[in-house]
Amino acid sequence: MLIVGATSAIAREAARSFAEEGAQLFLTGRDEEKLAAVADDLRVRGATAVATARLDLTHLASHEGMLAEAVRWLERLDVVLIAPGLLPDQRACQKSVADTLRALEVNFTGTVALLTLLANRLEEQGSGCIAVITSVAGDRGRPSNYVYGSAKGGLHVFLEGLRARLYRSGVAVVEIKPGFVDTPMTAHLPKTPLFASSRRVGRAVYRAIKQRRHIVYVPGFWRLVLGGVRLLPESVFKRLRL
Amino acid sequence: MRPLGTYRPWGYAPASAPAAVLPVVWRSEPLAIARLPTTVLPFACGRSYGDSCLNPGGVLLDVAALDRFIAFDPGAGMLRCEAGVTLAEILAVVVPHGWFLPVLPGTQHVSVGGAIANDIHGKNHHRAGTFGMHVVRFELLRSDGQRFTCSSGEHADLFCATIGGLGLTGLIVWAELRLKPIPGAAIALERIRFESLDEFFALSAGDADFEYTVAWLDCLHRREPAGRGVFMRGDHAAGHALPAGSATAKARVSLPWELPGSVLCRPAVAAFNKAYYWAQRGRTVRRTVDFAGFFFPLDAVGNWNRLYGRNRLVQYQCVVPPGAEREGTRALLTTVHRSGEPCFLAVLKRFGALRSLGLLSFPRPGATLALDFPFRGSSTLRLLDRLDELVVDAGGAVYPAKDTRMSGRSFRRFFPAWETFAARVDPQFSSSFWRRVTSA
């Protein structure tokens with residue numbers, strides 16, 4: 001199993017569930033010291049073997065090399081979990097083209113570039129599962145975080161198409177949409193009861209992958225909430241300060 | 001990290017939310033606290049009963065994410081892990097390999113850091129001593145950024161101050177623990193009904209023959225002084241096969257919110273006590289049980305403290321030295337009985353002679369009594385103050401992990417090494433408990 005963005009809170013928790021089953025894990029992330037800490041933990045929890053590699057999703061040229069190394073070490077790609085996630089400062093992005101583009105690079109372009117390579121490999125392999133963590137923010141653009149939302153929303157559409165294309169080759173595409181999650185990414189936000197723990201979301205990611213679900217909202221009530229939000233006419237929605 | 005108001009202890013504590021919470025996520029990163037205008041205190045599972053885990057108006061370091069294992073050697077039985085790992089997680093990993101924690105408290109949902117900071121003890125203190133006695137080394141991170149690897153041979157002063165040190169000497173980042181081998185996941189248990197304190201002490205005289213011993217007392221029985229109860233003693237047995245995966249009992253039911261008022265009223269608990277006392281047909285019963293049910297009976301109901309309602313409960317745990325064991329315990333129980341405060345759970349055990357290196361370590365030779373009361377305001381507090389006086393007179397001590405009101409005067413009598421400890425407290429670490437016992 002390949003996990004991209006393995007030092008992120010949700011990916012770490014999901015990885016633990018896979019480790020407990022004795023999985024073989026190839027982890028990537030930007031910080032090698034943190035990757036090593038995650039790898040140690042997963043080995044003790046039961047992973048048969050763990051390898052790590054440094055990868056920055058925005059360095060597109062490094063994707064092919066990393067994939068080749070992962071496939072060499074794992075021998076086959078059963079499950080690939082991609083947890084891209086940088087929550088940009090919406091206000092800063094509004095003032096700066098560079099900030100906006102950087103946020104889109106991390107949350108959208110980088111992920112899409114990797115998915116393009118992955119899709120081809122798995123199509124050839126004829127089996128496997130790609131799981132990507134997006135967000136409820138991608139369901140409808142909100143004034144408070146539409147830069148992040150547009151990246152996740154774009155990713156959602158990309159995954160829909162990918163799912164239909166890869167279905168013919170026996171490859172599953174799973175999308176997990178968390179709502180508010182208590183992770184270092186949201187450490188600066190005041191915590192309300194709406195926040196789910198990264199442990200809970202990580203376990204939900206694990207279950208969604210095992211069950212090869214299509215699109216999963218975590219916790220489940222967000223499906224209803226976003227269903228309602230999506231039904232609001234623009235004339236009403238644009239007036240709400242969401 | 002959670003909403004600020006959720007950083008509460010297990011029992012009653014007056015309004016105690018911190019000003020802010022800082023999550024600690026990676027063991028390799030420094031603590032960004034030097035420029036903070038307030039003091040800090042680590043907070044993990046919040047299973048202390050009182051205010052030793054609180055820092056109202058200050059900052060709490062939420063170490064829940066510092067929960068990674070580092071290394072486990074199943075051949076030698078050595079485990080290294082970050083301080084936020086819980087004992088439950090450790091058991092889930094090590095029990096399938098035939099290893100166990102040498103010291104376990106009444107719940108598995110405490111962190112390694114908390115276990116060291118309170119130098120916790122269990123039903124086998126007479127054989128194994130305290131948790132701190134099985135810690136080989138740990139890393140302490142202080143507010144000035146310095147990291148110390150502490151053991152009995154290295155930075156021994158910090159080692160002894162941190163064990164039982166209530167989180168005040170700095171942040172414990174990771175610890176290395178010595179495990180003990182077990183033949184199986186079962187406990188061979190003997191359960192004996194007794195009718196008086198004298199009978200308890202007679203039974204307890206045989207503690208050395210058993211790994212685990214403890215007694216449950218019925219404090220709501222009409223006869224005074226309360227002295228009837230059930231004595232339990234057990235050993236690890238080769239019975240149940242070691243489980244393949246996650247071994248530990250998960251709460252089958254959990255209380256999602258506090259009950260209005262308190263569901264636990266005297267008649268209900270008295271009836272439960274009667275049923276529990278008479279639960280076995282013979283005076284002595286022997287059974288083999290799964291270890292989770294033996295060690296953590298209360299963990300079967302998640303958030304059981306909510307049964308007590310919004311004000312939760314207070315627990316009072318003290319130890320009276322061997323010379324005063326019988327009379328001291330009798331006096332404590334009589335005082336409780338006469339006060340009219342309902343004691344819903346009482347546990348009695350004799351500690352052994354093993355002494356921990358911890359400067360503020362609570363367990364010492366003598367009889368230890370732990371009493372649970374619903375918090376009823378000043379009447380409860382007055383009773384506990386009276387009990388403190390009895391304990392001071394007897395030359396014993398009260399356990400800070402359960403305390404929310406001991407005075408500075410009592411604290412200094414209970415822990416004569418407190419000044420040596422105070423010299424090792426990190427200047428930027430503080431707690432509500434520490435401020436209270438160093439001000440009066």
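**Aromatic pairs, salt bridges and the A–B interface**

Visitor: Is Trp434(B) buried or exposed?
Guide: Trp434(B) counts as buried, because its relative accessibility is 9% and the cut-off for buried is under 20%. Please bear in mind that this is a predicted model.

Visitor: Let us turn to aromatic pairs, then. How many does a search of the whole structure find?
Guide: Over all chains, the search returns 28 aromatic pairs.

Visitor: What form does the aromatic pair of Phe411(B) and Phe433(B) take?
Guide: Phe411(B) and Phe433(B) are arranged edge-to-face, with 5.8 Å from centre to centre and 85° between the planes.

Visitor: Which parts does that pair tie together?
Guide: Phe411(B) belongs to helix α10 (residues 408-414) of chain B and Phe433(B) to helix α12 (residues 432-439) of chain B, so the pair links parts 22 residues apart in sequence. Both Phe411(B) and Phe433(B) are buried.

Visitor: And what pair does Trp434(B) form?
Guide: Trp434(B) forms an edge-to-face aromatic pair with Phe421(B), at 5.3 Å centre to centre and 80° between the planes. Phe421(B) lies in helix α11 (residues 418-422) of chain B and Trp434(B) in helix α12 of chain B, so this pair ties together parts that are 13 residues apart in sequence.

Visitor: Is Phe421(B) buried or exposed?
Guide: Phe421(B) is buried, since its relative accessibility is 0%.

Visitor: Which residues form one aromatic cluster?
Guide: One such cluster in chain B consists of Phe100(B), Tyr212(B), Phe291(B), Phe294(B), Phe295(B) and Phe296(B).

Visitor: Where does the charged end of Arg228(B) sit?
Guide: The charged end of Arg228(B) is placed over the ring of Tyr277(B), 4.2 Å from the ring centre.

Visitor: A change of topic: how many residues of chain A are in contact with chain B?
Guide: In chain A, 19 residues are in contact with 18 residues of chain B. The area buried between the two chains is about 1,600 Å², and carbon and sulfur atoms give 56% of that area.

Visitor: How many salt bridges are there between chain A and chain B?
Guide: The count between the two chains is six. One of the salt bridges is formed by Asp67(B) and Arg199(A), whose closest N and O atoms are 3.0 Å apart.

Visitor: Which elements give two or more residues to the side of chain A that touches chain B?
Guide: Those elements are α1 (9-20) and α2 (32-45) of chain A. The most comes from α2(A), which gives eight residues to that side.

Visitor: Which side chain meets that of Glu29(B) in a salt bridge?
Guide: The partner of Glu29(B) is Lys34(A), at 3.3 Å from N to O. This pair crosses between chains: Glu29(B) is in the loop between β1 (20-23) and β2 (40-43) of chain B, and Lys34(A) is in helix α2 of chain A. Glu29(B) counts as partly exposed, with a relative accessibility of 36%, whereas Lys34(A) counts as buried at 17%.

Visitor: How many salt bridges does a search of the whole structure find?
Guide: Over all chains, the search finds 43 salt bridges. Among the salt bridges is that of Arg142(B) with Asp426(B), whose closest N and O atoms are 3.8 Å apart. Arg142(B) lies in the loop between β7 (135-141) and β8 (147-150) of chain B and Asp426(B) in the loop between α11 and α12 of chain B, so the pair ties together parts 284 residues apart in sequence.

Visitor: Is Asp426(B) buried or exposed?
Guide: Asp426(B) is buried, with a relative accessible area of 2%, and Arg142(B) also counts as buried, at 15% relative accessibility.

Visitor: What does Asp403(B) form a salt bridge with?
Guide: Asp403(B) forms a salt bridge with Arg405(B), with 3.2 Å between the closest N and O atoms. Asp403(B) is buried at 3% relative accessible area, and Arg405(B) is buried at 12%.

Visitor: Which residues do salt bridges that share partners join into one network?
Guide: The network is made up of Glu13(A), Arg16(A), Asp41(A), Arg45(A), Arg199(A), Asp67(B) and Glu89(B).

Visitor: Finally, where is the place of Thr183(A)?
Guide: Thr183(A) is in the loop between β7 (181-182) and β8 (196-197) of chain A. Thr183(A) is buried, with a relative accessible area of 10%. Leaving aside neighbours within four places in sequence, Thr183(A) is in contact with Ala9(A), Ile10(A) and Ser198(A).

Note on methods. Residues numbered from 1 in each chain as written. Chains lettered and ligands numbered in written order. Predicted model: local features only at pLDDT ≥ 70, side-chain atom pairs only at ≥ 80, totals over all residues. Heavy atoms only, no water. Helix = DSSP H or I, 4+ residues; strand = E, 2+ residues; numbered from the N terminus. Buried < 20%, exposed > 50% of the residue type's maximum accessible area, 1.4 Å probe, protein only. Contact = heavy atoms within 4.5 Å. Phe/Tyr/Trp six-rings, centres within 6.5 Å; stacked < 30°, edge-to-face > 60°. Lys NZ or Arg CZ within 6 Å of the ring centre and 35° of its normal. Buried area = accessible area lost by both parts, 1.4 Å probe. Salt bridge = Lys/Arg side-chain N within 4 Å of Asp/Glu carboxyl O.
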